[in-house]
Amino acid sequence: MFCPKCSSLMFPVQGKLHCNSCGYERSFSGKDSTTAKVARSGKEKPAETLVLDEITETLPKTRVECPKCGHYEAYWVMRQTRAADEPTTRIYRCVKCQHTWREY
Ligand SMILES: [Zn+2]
Ligand SMILES: [Zn+2]
């Protein structure tokens, strides 16, 4: 997306496209999906909070070393983050100290 006035690259700022060179602003076109995504995420819990709430004793365990206490067993869950272009994340929770971490 380039500025119609000075042809610089424009950046999305608060739901608008903003030109850093000349200050020109324009709104996104209706079909731009970025606008909908930003509006929706404000109301929901952060993805990470949702994921951590779901980690319980019913999850499968795996042999992985806890980076905090060194215990070699943790619950784990596979999670696709909300943004489709982000990779799937594996989230572990240490059986012993409840430390939670993620792996990409
Ligand atoms: Zn400009
Ligand atoms: Zn641990």
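**Briefing on the chain**

The largest nonpolar core consists of six residues: C66, A74, Y75, I91, Y92 and C94. Strands β5 and β6 (88–94) each contribute at least two residues to this core, and β6 contributes the most, with three. The model is a predicted one, and the points below are grouped by topic.

**Overall make-up**

- The chain contains two helices and seven strands.
- Along the sequence, these elements come in the pattern β-β-β-α-α-β-β-β-β.
- The chain has 104 residues, of which 10% count as buried.
- Among the contacts in the chain with a separation of 6 or more, 23% are between residues 24 or more positions apart.

**The four-stranded sheet**

- An open sheet is formed by four strands, placed in the order β4-β5-β6-β7, with antiparallel pairing.
- Its edge strands are β4 (61–62) and β7 (100–103), each of which pairs on one side only.
- In general, strands of a sheet pair through backbone hydrogen bonds, and the pairing is either parallel or antiparallel.
- Strand β4 and strand β5 (residues 74–80) run antiparallel and are joined by two bridges.
- T62 has A74 in β5 as its bridge partner, and A74 is also one of the residues of the largest nonpolar core.

**Surroundings of Y92**

- Leaving out residues up to four places away in sequence, Y92 touches V64, A74, Y75, W76, T100, W101 and E103.
- Two of these, A74 and Y75, belong with Y92 to the largest nonpolar core.

- Strand β1 (residues 10–13) pairs with strand β2 (residues 16–19) in the antiparallel sense, over four bridges.
- The bridge partner of M10 is C19, in β2.
- Two residues lie between the strands of this hairpin, and Q14 has a positive phi near 50 degrees.

**S27 in strand β3**

- S27 lies in strand β3, which covers residues 25–27.
- Is S27 buried or exposed? S27 is exposed, because 10 other C-beta atoms lie within 10 Å of its own, and a residue with 12 or fewer counts as exposed.
- From C-alpha to C-alpha, S27 and G15 are 6.9 Å apart in space, while in sequence they are 12 residues apart.

Key:
Residues numbered from 1 in each chain as written. Chains lettered and ligands numbered in written order. Predicted model: local features only at pLDDT ≥ 70, side-chain atom pairs only at ≥ 80, totals over all residues. Pairing = 2+ DSSP bridges. Buried ≥ 20, exposed ≤ 12 C-beta atoms within 10 Å, placed from the backbone. Contact = placed C-beta atoms within 7 Å. Core = buried A, V, L, I, M, F, W, Y, C linked by C-beta atoms within 7 Å.
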